[in-house]
Amino acid sequence: MSEHKRPKMDPSWLRGMTQRRMSRRDMLRTAGVGAGTLSMAAILAACSSDEGGTTDTGDNNDTSPFDGQTEELVNFANWPLYIDKSRNSDGDVIYPSLVGFTKETGIEVNYQEVIQSNPEFFGRIQPQLSAGDDTEWDIIVLTNGRELTAMQINDWVVELDPSKRPNFDANAADFARDPVFDPGNKFTMAWQSGITGIGVNTELVDADITSMDDLADPAKVGTNSVGMLKDDMPDFVMINLGIDPATSGPDEWKQAADWLMMQREAGTVRKYYDQGYFDDFTAGNLPVTMGWSGDVLYGKLWLGEPFEFIFPEGGALLWIDNMMIPANAAHPDAAYALMDYVYQPDVAQGITEWVLYMSPVPEVQEMIAEHAKEAEADGDKGYANKLQQTADSEFLWPTPEFLSNTKFAKDLRTDEEIQEWDAIFLPISEG
């Protein structure tokens, strides 16, 4: 595959990529895009407006870097609200980065926000994987953990051809290269990364929240007031008890469970959440919650919420959401093309400014800082300030010292480990 070039886009699309991002709540309320779907075909049909040019998805690939590309579709399953979005002149929702990909390659993207949790989505595709059938997805995004491990162990994921990811090789951040759960990026390429820490609504909490133990202290956080993330909390607690999840065993798991039971008995927990904690957080129902860095930062910067993201004194949980190609995918070449395309710095910039998670392309930090200067020069000081805070955030551009205080989750690799883990922790969150 030849080297990617910066996509040539109509001025209307460039404005769409750099305009103020819309509120996620506005998106959910007015765009008809919930946790469900909006296919790229529908978006492209809506994009032939008087302001934007037409989108050619035919055979005119004279300047395409994907010479010999014959697949014309890629089916991409991702998490809700995890990509740049905008509106065209007709008010229709568009994904600027994917529009640019289609304009450059002629490949349409059927992009659907169908992943609510790793276990739930994996459970839906596992029957097809087990049967050796096409899951109907060419790219899926899973977090490092038991589901990703199961994909690798059972040969349910395509082993990647390193020659088909030149942008990744040129631009990927150190944390995205050679992750411990996928040495050599044999199967995965990072989509985004983040950390699990503590989100605080400063208007609802007077106390100084600095540690995990504060989440179990009614004097600091009140009762029925704390959100806990079901999938993340065992590892999060172990880290803050001084235990490395990677080397932990049942004895350490029970220590974490004891802390969680103590917290539950203290009466501080409102609910054990999957994806939906952020709705309660923004609604003012959760003064304090375990939270994902990008969500809390987004609420603070772009929704104007009185949120702060706290890195606990004992450390934080690091995770990577990974793109991969399921076995027997119908369009693997198109999947390769899109997975590598998002490692172009200008494309990664658009995504990062919207989602506020750790970009796997470090060059984007300087580009966002330049964007802030442009906004300042245009007289939009509020927007410039938000962009500058994005460029300056340690939670988006972590230093090696910062990352040294984070750890990955336990990699459960056997049925026996999974059964024992679930027997210890599920009674707490499900009981």
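A helix, as the word is used here, is a DSSP run of H or I at least four residues long, and helices are numbered from the N terminus. The structure described below is a predicted model.

**The chain as a whole**

The protein chain is built with 18 helices and twelve strands. Of its 431 residues, 58% are buried. When contacts between residues at least 6 apart in sequence are considered, 77% of them join residues that are at least 24 apart. The chain exposes about 17400 Å² of surface, and carbon and sulfur atoms supply 46% of this area.

**Helix 6 and the residue after it**

Helix 6 (146–153) is largely enclosed by the rest of the structure, because six of its eight residues are buried. These buried residues are E147, L148, T149, A150, M151 and Q152. Just after helix 6 comes D155, which takes a positive phi of about 60 degrees.

**The largest pocket**

The largest pocket holds about 1200 Å³ of space. Its lining consists of 50 residues, and those closest to the centre of the pocket are W79, S117, N118, D231 and W292. Several elements give two or more residues to this lining, among them helix 2 (24–30), helix 5 (118–131), helix 6, helix 9 (233–240), helix 12 (293–301) and strand 11 (316–324). Helix 18 (415–430) is also on that list, and with six residues helix 18 provides the largest share of the lining. Sorted by class, the lining has 24 nonpolar residues, eleven polar residues and 15 charged residues.

**Salt bridges**

The structure holds twelve salt bridges, of which a few are described here. K220 is paired with D214, and the closest N and O atoms of the two residues are 3.0 Å apart. In another salt bridge the side chains of K230 and D274 meet, with a distance of 3.4 Å from N to O. That pair links distant parts of the chain, since K230 lies in the loop between strand 7 (226–229) and helix 9, while D274, 44 residues away, lies in the loop between strand 8 (269–273) and helix 11. K230 and D274 also belong to a network of salt bridges in which E430 takes part.

A further salt bridge joins D280 to R270, where the closest N and O atoms are 3.7 Å apart. Because D280 lies in helix 11 and R270 in strand 8, this pair ties together parts that are ten residues apart in sequence.

The table gives the relative accessible area of some residues in these pairs.

| Residue | Relative accessible area | Class |
|---|---|---|
| K220 | 30% | partly exposed |
| D214 | 6% | buried |
| D274 | 35% | partly exposed |
| D280 | 17% | buried |
| R270 | 34% | partly exposed |

The classes follow from a cut-off, for a residue counts as buried when its relative accessible area is under 20% and as exposed when it is over 50%. D214, at 6%, is therefore buried, whereas K220, at 30%, is partly exposed.

Note on methods
Residues numbered from 1 in each chain as written. Predicted model: local features only at pLDDT ≥ 70, side-chain atom pairs only at ≥ 80, totals over all residues. Heavy atoms only, no water. 1 Å grid on protein atoms, 1.4 Å probe; cavity = no way out; pocket = protein on both sides within 12 Å on 5 of 7 lines; lining within 4 Å. Points joined across faces, edges and corners; volume = space filled by probe spheres on them. Nonpolar A, V, L, I, M, F, W, Y, C, P; charged D, E, K, R; others polar. Buried < 20%, exposed > 50% of the residue type's maximum accessible area, 1.4 Å probe, protein only. Contact = heavy atoms within 4.5 Å. Areas by Shrake-Rupley, 256 points an atom, 1.4 Å probe, with all protein chains shown as cover. Salt bridge = Lys/Arg side-chain N within 4 Å of Asp/Glu carboxyl O.
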